[in-house]
Amino acid sequence: MKKEKSLAHTGAFRGTDPTPPAPGLLPHSNAVHHGFEPSEGHQCSPSLAHTFLQGLLWGLHGAFAWRLLIVYPWTQRFFASFGNLSSATAVLGNPMVRAHGKKVLTSFGEAVKNLDGIKNTFAHLSELHCDKLHVDPENFRLLGDILIIVLASHFARDFTPACQFAWQKLVNVVAHALARKYH
Amino acid sequence: METLSSAEGQVGDHQEDFGAETLERMFTAYPQTKTYFPHFDLHHGSAQIKAHGKKVVNALIEAVNHIDDISGALSKLSDLHAQKLRVDPVNFKLLGHCFLVVVAIHHPSVLTPEAHASLDKFLCAVGAVLTAKYR
């Protein structure tokens, strides 16, 4: 499949099963969550969002994390303990980067499963990122943008404008929830 | 240029105060900016804020005095921000905005629309120089 080839070319796709589940149809979602609601007859349901995330978790979590650290190199400031991040090659091969990507995506998965309670889902993480990790919330927005680009590059046309719209709202809501406890 | 010099001249007499007030306003209005200063005492009147405020204003004055070569004048600071500090670029706008607020409060007559435009443009240019070597 074209998408797997292009990712394999970069060495970024390391999933053992290269075929993520095909995105399902777009059933109308009855859920109305924090502006995650479908609009103008376009739908991108939470189940579809979950499907996308599953696909990412299977093989692309490393891709997502290294992309952030390479495209926005100043984000490396938070990962001094991750070892060698001195070049794109080093970042690509760094197992801690991959592991962290997986952690972050798993968190997103929790958000998608619990769209009504995103603020609560991330309350503790918000406090952690403010009080202990001292992470500028701008980084959550950068990360959200990267996630969307990785989704787009992997799912190509299946990542329709409506899906992108829904995902933009989701990443905004997550970024907001993560920043909510900052003081 | 004259506008900027005039504005900076007025600021220059109160470097420490303006700088400190700029930072305090930024930390209060945009609490996320505090994440870059976990090692600072951020209480009102803190000596660290005063000292850092003075540094910031001195850098701005230096830039105004070399308006035709801001990147040369701030080259070392640019290196520092790229290699060590790595402050997200969005924050320079926040700092610049708070600086304008401080000028507006203390010298409202300086901040004519034209001067405001000049100063804002200048502050954007400084932010751009400081983040120019990020990648």
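Axes here are lines fitted to C-alpha atoms, for helices over the stretch in contact, and angles run from 0 to 180 degrees between N-to-C directions. Helices (H or I, at least four residues) and strands (E, at least two) are DSSP runs, numbered from the N terminus.

This is a predicted model, where local features need pLDDT of at least 70, side-chain atom pairs count only at pLDDT 80 or more, and totals for chains, interfaces and linings use all residues. Residues are numbered from 1 along each chain as its sequence is written, chains are lettered from A and ligands numbered from 1 in the order in which they are written, and side-chain values use heavy atoms, with hydrogens and water left out.

**Exercise 1. Work out what chain A is built from.**

Step 1: count the elements. Chain A has nine helices and zero strands.

Step 2: look at burial. Of its 183 residues, 49% count as buried (under 20% relative accessible area, with exposed over 50% and partly exposed in between; 1.4 Å probe, protein chains only).

Step 3: check the contacts (heavy atoms within 4.5 Å). Among those in chain A with a separation of 6 or more, 73% come from residues 24 or more positions apart.

**Exercise 2. Describe how H5(A) packs on H9(A).**

Step 1: get the geometry. Helix H5 (residues 95–113) of chain A and H9(A) have axes 11 Å apart, at an angle of about 105 degrees.

Step 2: name the arrangement. H5(A) and H9(A) are therefore roughly perpendicular to each other; that label covers 65 to 115 degrees, while under 35 is roughly parallel, over 145 roughly antiparallel and the rest oblique.

Step 3: list who touches whom. From H5(A) come A:Phe108, A:Ala111 and A:Val112, and they meet A:Trp167, A:Leu170, A:Val171 and A:Val174 of H9(A). The tally for this contact is seven nonpolar, no polar and no charged. For that count, Ala, Val, Leu, Ile, Met, Phe, Trp, Tyr, Cys and Pro are nonpolar, Asp, Glu, Lys and Arg are charged, and the others, Gly among them, are polar.

**Exercise 3. Size up the interface of the two chains.**

Step 1: count residues. The contact takes 14 from chain B and 15 from chain A.

Step 2: get the area. Chain B and chain A bury about 1300 Å² between them (accessible area, 1.4 Å probe, lost on being put together, summed over both), 59% of it on carbon and sulfur atoms.

Step 3: find the main contributors in chain B. B:Thr35, B:Arg86 and B:Arg135 lose the most area to chain A, together 42% of what that side buries.

Note on methods: Buried area = accessible area lost by both parts, 1.4 Å probe.
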